[in-house]
Each structure stands twice: as structure tokens, then as C-alpha cells.
Amino acid sequence: MSTASEEDADDASVIRRSRQEPEAFAEVFRRYAPDIKRYVIRRLGADAAEDVVAETFLAAFRQRDRYDLARPNARPWLYGIATNLMGRHVRAEVRQLRVLERMGTDPVMEPFTERSDERLSAGASARALARALAALPRGHRDALLLVAWGDLSYAEAAQALDVRVGTVRSRINRARHRLRRHLGATESNIYVREEPVHE
């Protein structure tokens, strides 16, 4: 159980402390495991999710001595580890997208969808989207889904993928164009939040 001071501490402080007190790393797990699990389920399915999440936090624990303590938020680092581990499961991800294409049911969102008419409409859209996502190059899919499903900013996605922010922008832009072309959609039909412009 975490203390009030652990809950208030930024991730870098918790990781710094875990270098001397390994059990403190449990706070990082508590903060991020549910979100990373949802992200992995959407990409690989429930069967692989438990293993990937466990591998992600085991790798993070082992690498905590190399964590950049100047970065107060460990979220991009953890998503980067998870995304790299999912790279070993590319066939499983494409298979999961093919299941979504056939079934039209997002394993994360299904429990929240109540009305059957909404399910039918959403199912048809989800199938087409899954087919289009499966056709994307892995780097484009990773960038797009870190932002869309992982809810990372472009900068966080760049950090997670260990690439420049411009590379993430380019990959997402290319992915959006390919999705539009594949889905026959207009600009307004495919929404991936744009990164705010800072002056």
C-alpha cells in the first residue's frame, strides 16, 4: 500500500527511492499498470496482455538504475518498453486486428457498449478500421496508437519510441492519410488529436 508521500511524489522521485528500496517501485506499477494493460489488450488481445504487462514492469524494474531522473513522468518510458515488447508480438497484433475486423468488437470497449443498434454500427466501423490499421507499417501504427489509444502526447510518443517529435508527427500524418484512403473517409471522419502549437 502506498503512503500519501509516495502518491504525491513524481515518478522520478519514486524510481530514485526504489534504487535503494526496491519495494517502492510497486508505486510505479500501481500508477500505470491498468492503463498499459488496456493499451496492450487493444493491440494484442487479452491473451498476450498479462504477459506483456508483466514483462514491461519487470524490464522497467531492471532498468530503473538507467532511468533519466530529469524526467518526472515515467509514463512515456513505460509505454516505450511495452511497445518494444509488443514488437515481438507483431503477428499477434495483426491477428487481433483481424479478429476485430471480423467481429467488430473492441475488447476494451465492448463491456461499455449497451445498445445493439449502436453495436452494429460501431461494429462495421471497427471492422473497417481494424483492417486499415493492420495494413499500416508498424512504425506508423505504433505512433498512431500511442497517441490515439495510449493517450500520449506527440512528445511523449516520441520519447516512448526514441525518435524525434517530427518523426512522430510525420508517421501519424502518413497513417491518417493511409487510413483515409483505405476507409474512403474525409478529414473529419478520422480524428487523432493534433498536437497543440506552442509559440
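The model is predicted: local features need pLDDT of at least 70, side-chain atom pairs count only at pLDDT 80 or more, and totals for chains, interfaces and linings use all residues. Residues are numbered from 1 along each chain as its sequence is written, and side-chain values use heavy atoms, with hydrogens and water left out.

Start with helix H9, residues 154–161. Helices here are DSSP runs of H or I with at least four residues, numbered from the N terminus. H9 is mostly covered, with 6 of its 8 residues buried. Buried means under 20% relative accessible area, exposed means over 50%, and partly exposed lies in between (1.4 Å probe, protein chains only). The buried residues of H9 are Tyr154, Glu156, Ala157, Ala158, Ala160 and Leu161. They pack against H5, H8 and H10. After H9 comes Asp162, with a positive phi near 60°.

Next, helix H10, residues 165–183. H9 and H10 pack at an angle of about 105°, and their axes are 8 Å apart. Axes are lines fitted to C-alpha atoms, for helices over the stretch in contact; angles run from 0 to 180 degrees between N-to-C directions. The two helices are therefore roughly perpendicular, a label for angles of 65 to 115 degrees. H9 brings Tyr154, Ala155, Ala157, Ala158 and Leu161 to this contact, and H10 brings Val165, Val168, Arg169, Arg171 and Ile172. Contact means heavy atoms within 4.5 Å. By class, the H9 and H10 residues count 8 nonpolar, no polar and 2 charged. Nonpolar covers Ala, Val, Leu, Ile, Met, Phe, Trp, Tyr, Cys and Pro; charged covers Asp, Glu, Lys and Arg; the others, Gly among them, are polar.

H9 also has a charged link to H5. Glu156 forms a salt bridge with Arg75, the closest N and O atoms being 3.3 Å apart. The pair joins distant parts of the chain, since Glu156 lies in H9 and Arg75 in H5, 81 residues apart. A salt bridge is a side-chain nitrogen of Lys or Arg within 4 Å of a carboxyl oxygen of Asp or Glu. Both partners are buried: Glu156 has a relative accessible area of 17%, and Arg75 has 14%.

Now follow H5 (residues 75–86) to H8 (residues 138–148). They pack at about 145°, with axes 12 Å apart. Tyr79, Thr83 and Asn84 of H5 touch Arg138, Asp142 and Leu146 of H8. This contact divides into 2 nonpolar, 2 polar and 2 charged residues.

Arg138 forms a salt bridge with Asp142, with 3.5 Å between the closest N and O atoms. They sit 4 residues apart in H8, about one turn of the helix. An α-helix has 3.6 residues a turn, so residues three or four places apart point the same way. Asp142 is buried at 5%, whereas Arg138 is partly exposed at 34%.

Finally, turn to H2 and H3. The structure holds 11 salt bridges. One of them pairs the side chains of Asp11 and Arg31 at 2.5 Å, N to O. Asp11 lies in H2 (residues 11–20) and Arg31 in H3, so the pair ties together parts 20 residues apart in sequence. Asp11 is buried at 4% relative accessibility, and Arg31 is buried at 18%. Salt bridges that share partners join Asp11, Glu27, Arg30 and Arg31 into one network.

Terms used: Parallel < 35°, antiparallel > 145°, perpendicular 65-115°, else oblique.
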